[in-house]
Amino acid sequence: MSDSWCDLTLNWRFTHPTSGVQFTSPVVYGDKVACSFLNQYRVFDLLTGAPLYTYVPQAVSTIFPNDIRCAPTVTMITGYPDPVMFVSGGANQEIHAVNFNTGVKIWSRDALSVGPTQLYGATRYCPFIVLDQGGVSIVYWGTDNGRVVAANALTGALYAGWTTNPRNITLSTWASGASDGTNLFFATFGTGVEGDIYSISAATGVINWQFSAAGDLQGASFWPGPSQSQVKQACGTCFA
């Protein structure tokens, strides 16, 4: 910031050579910046903008990542010495854990490693949530097929603490996913008229409550409104 008028000084910029559309904001962790670009993730030096590496979430050579709208999540997890970046492959349904310092894959859930029936749908937006359960880091995410998945953040194996894993909440979770440290909160989105909100126990996977079951606001009860963006959870609106 150069003065009280908030005139900003451009330190560096990056223009992707082929990806002209971007759906998410960059993520800053330590001295690095990470960002998704439709079919890949790029990591840069925070201060200089120097490209550090490109990561393509593609474990199966014939199934290409595409339509990635995921902002990566970077955090420390139990049992691993470096920060871990969690990313999705978008429409190819893959989930990857990557060493954030080196760009080397730690594990992936893909059609070869776990089989196509264990992927549970496209993961285009896919915000990740990482919580501690009994000294073990667990990573959670939602899919376009309405599944909420819990997995060991170090290995990628499904979390055994959930009797039902993944939890099926029927409609796409799209860009939703939040936590208070104990519970997970996911919204659903179909055509825009049947949106709902779920509270799920992070430890057990049990649904604590479903917003529509209370008989109050649901997408169909106030659609269309003054602006459709006010009631579409895909646009980031939440009710409390």
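Modeller: This is a predicted model, in which local features need pLDDT of at least 70 and side-chain atom pairs count only at pLDDT 80 or more, while totals for chains, interfaces and linings use all residues. Residues are numbered from 1 along each chain as its sequence is written, and side-chain values use heavy atoms, with hydrogens and water left out.

Colleague: How many helices and how many strands does the protein have?

Modeller: Helices (H or I, at least four residues) and strands (E, at least two) are DSSP runs, numbered from the N terminus. Counted in that way, the secondary structure of the protein comes to zero helices and 16 strands.

Colleague: Which residue of β4 is the bridge partner of valine 43?

Modeller: Strand β3, residues 41-45, pairs with β4 in the antiparallel sense over four bridges. Within β4, the bridge partner of valine 43 is tyrosine 53.

Colleague: In the open sheet β13-β14-β15-β16, which residue of β16 does isoleucine 200 stand opposite?

Modeller: The pairing in that sheet of four strands is antiparallel, and three bridges join strand β15 (residues 196-201) to β16.

Colleague: What is the nearest side chain of opposite charge to arginine 109, and how many Å away is it?

Modeller: Arginine 109 is found in strand β8, residues 105-109, and is buried, a word that stands for under 20% relative accessible area with a 1.4 Å probe, protein chains only. Arginine 109 has no salt bridge, which would be a side-chain nitrogen of Lys or Arg within 4 Å of a carboxyl oxygen of Asp or Glu. Lys and Arg count as positive and Asp and Glu as negative, while His and the chain ends are not counted. The nearest side chain of opposite charge is that of aspartate 110, at 8.7 Å.

Colleague: Which residue has its backbone oxygen 2.8 Å from a polar atom of the side chain of arginine 109?

Modeller: Contact means heavy atoms within 4.5 Å, and, not counting residues up to four places away in sequence, arginine 109 touches several residues, including Trp141, Gly156 and Leu158. The backbone oxygen that lies 2.8 Å from a polar atom of the arginine 109 side chain belongs to glycine 156.

Terms used: Pairing = 2+ DSSP bridges. Buried < 20%, exposed > 50% of the residue type's maximum accessible area, 1.4 Å probe, protein only. Polar contact = N/O pair within 3.5 Å; in protein donor to acceptor, adjacent residues only side chain to side chain.
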